[in-house]
Structure formats: C-alpha cells, structure tokens
Amino acid sequence: MGLPVHGPRRVPGLRRDEVAALASVSVDQYIRLERGHVSLISDAVLDAVADALRLTPGERSYLRALARRDAAGRKRSQAAGQGVRDSVQRILDSLHGTPAYLVGRNGAILAWNRLATLVFFDFARIPPRDRSLGRLVFTHPGARSLFLNWDGLTREIVAYLRTENARRPHDAELSAYLRQLMADSPDFRRLWTEQFAFAGTQTPSRLACPALGTTLHLAWELLQLTDSPEEKIVAYTAAEGSPSSDALRRLEGCALA
C-alpha cells in the first residue's frame, strides 16, 4: 500500500494514521469521524474513508447513515401520515405482469397491486401492525415456505433495519418496532446481535408458487418516489420468455378471470 513501516503490530488492521493517509485526510478529521463528530465532515471525506477501508456498497450506506443520522432523525417525510396517493396506486395497478408494493417508514407495506397478493400474501387480510417487511419475513407462519431463500432474505432485512436504526437512533417508533421484533422472533434477535457484512447487493428472489406447482425466480428494483424520501415501490420482474415470466402471466390471468 506504500505506507510507512512502524515495526511489529500488536493487533491486526490499519492504524488511524494509515487510514487517514490512504484517504488523504488529516488524522484529526479521521478521529472526529471515529468519535461521531461528523457535522462538518463532507461526503467527499466519507467516500475517501470508505475507499481506504474498501467498504462494500452496503457498508458505505451504513457509514453514510451513521454520519448523517442527526439530520435524518430530525426530518420526516412530508407525506408521512397522509396516506397513499391515488396516483401511486394507479402506478402499482398499471404494472402488468409485475408484482409490486409500496414500502414506507420502518418497512411498512402501504399499498400493493393484485399480482403481489397472489405471489406474496393477501396483504389486506394481514393486520396493519404485522404488515411490514420485518414482521412478514420473521413472524408470518407462511414465510419460510414462501421465500425459498429465507436465510439470505432475513439478513437483508436485518441489514436494512440496522441502517434505518443508525440513521434514526432516537426514533421512538422504530425503537419500539425493533423491540417487538426481538420479543416475537428468536431468529431476528439472534441476527440482530450478530456482526456481519452489509453486502449491499440485490439478491434475486426465489418464491414457491403452489398454485402453479413451480418456483418463481424474480429480480427486484426499488423505485424512489421523488417527493416521499421514505417511500419506495418494490417491483419484481422475471426474464422475458422464462418459465417465471410465463407463470406471472398465468397468475395475472387467473386474477382477471
């Protein structure tokens, strides 16, 4: 790496001055970052430190959440509490052959299209308290049989909630949500106490489809609503001409019949 040699190391890893040198920042700046005094730390410095530490995309997002948590904690979405706009529901309904739902604060599922209820759960029948990504994946009795990559999905959900908690450490609603998940799910409690890397990748979903006796292989994307930072549409697609694409069309046809 071209770093000066200081003699034998008592512990593995880079020293503070070495990270600072690799990131081209002062040692004082790096120490302030370590101690959480980041109000004057620029995004460029954060990116340089992330490069020096070779952080994954997920770890970079977590670092940014930690650094910007005070500002994020003070700002709530202007749309929060105003319900789902009709235009958003129309977008969901227009996504033919694409199961999709709207995710809001703390992973709450706020709206969905008809195909999503056939691929995932009948969201309307699930109490609002349990209608969130965390509670569906960790506490719904049908989750393990539906999500064939359940182990990987649970880690993605925990990573997402860790990042939200880092961004909003004083959010009473989020804290209560996490405490309840810990109380209700030993799996969530175990994963929350583990230290694991934030991969930051979008793992394709494998879902059981008992109605057609097949497995759905779907990719997913997040679509950000421009005026609602905390709300995103999660849309699932299958490769054109694939068995999963054909299965989605058949499911949608059954729904319209």
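These notes walk through the sheet, the aromatic rings and the charged pairs of this structure.

1. A word on the model. This is a predicted model, in which local features need pLDDT of at least 70 and side-chain atom pairs count only at pLDDT 80 or more, while totals for chains, interfaces and linings use all residues. Residues are numbered from 1 along each chain as its sequence is written, and side-chain values use heavy atoms, with hydrogens and water left out.

2. The sheet. Strands here are DSSP runs of E with at least two residues, helices are runs of H or I with at least four, and both are numbered from the N terminus; two strands pair if DSSP finds at least two bridges between them.

3. Strand partners. Six bridges connect the antiparallel strands β4 (residues 214-224) and β5 (residues 232-237), and Leu 222 stands opposite Val 234 in β5. Three bridges hold β1 (residues 100-103) to β2 (residues 109-112), with Leu 102 opposite Ala 111 in β2. The hairpin of β1 and β2 has five residues between its strands, and there Asn 106 takes a positive phi near 60°.

4. Aromatic rings. The whole structure holds ten aromatic pairs. Rings of Phe, Tyr and Trp (its six-membered ring) pair if their centres lie within 6.5 Å; planes under 30 degrees apart are stacked, over 60 edge-to-face, and the rest tilted. Why is the pair of Phe 120 and Phe 147 called tilted? The ring centres are 6.4 Å apart and the planes meet at 35°, so the pair is tilted. Phe 120 lies in the loop between α7 (114-119) and α8 (133-139) and Phe 147 in the loop between α9 (143-146) and α10 (150-167), so the pair ties together parts 27 residues apart in sequence. Phe 120 is buried at 10% relative accessible area, and Phe 147 is buried at 10% as well. Buried means under 20%, exposed over 50%, and partly exposed in between (1.4 Å probe, protein chains only). Both residues belong to one aromatic cluster that also includes Tyr 101 and Trp 112.

5. Arg 144 and its partners. Arg 144 lies over the face of Trp 150, 3.8 Å from the ring centre. A charge sits over a ring if NZ of Lys or CZ of Arg is within 6 Å of the ring centre and within 35 degrees of the ring normal. Arg 144 also meets Asp 187 in a salt bridge, at 2.7 Å from N to O. Arg 144 is partly exposed at 49%, and Asp 187 is partly exposed at 22%.

6. Salt bridges overall. How many salt bridges are there? The count is 16, where a bridge needs a side-chain nitrogen of Lys or Arg within 4 Å of a carboxyl oxygen of Asp or Glu. One of them joins Arg 168 to Asp 171, with the closest N and O atoms 2.6 Å apart, and both residues are buried. They also take part in a network of salt bridges whose members include Arg 105 and Glu 230.
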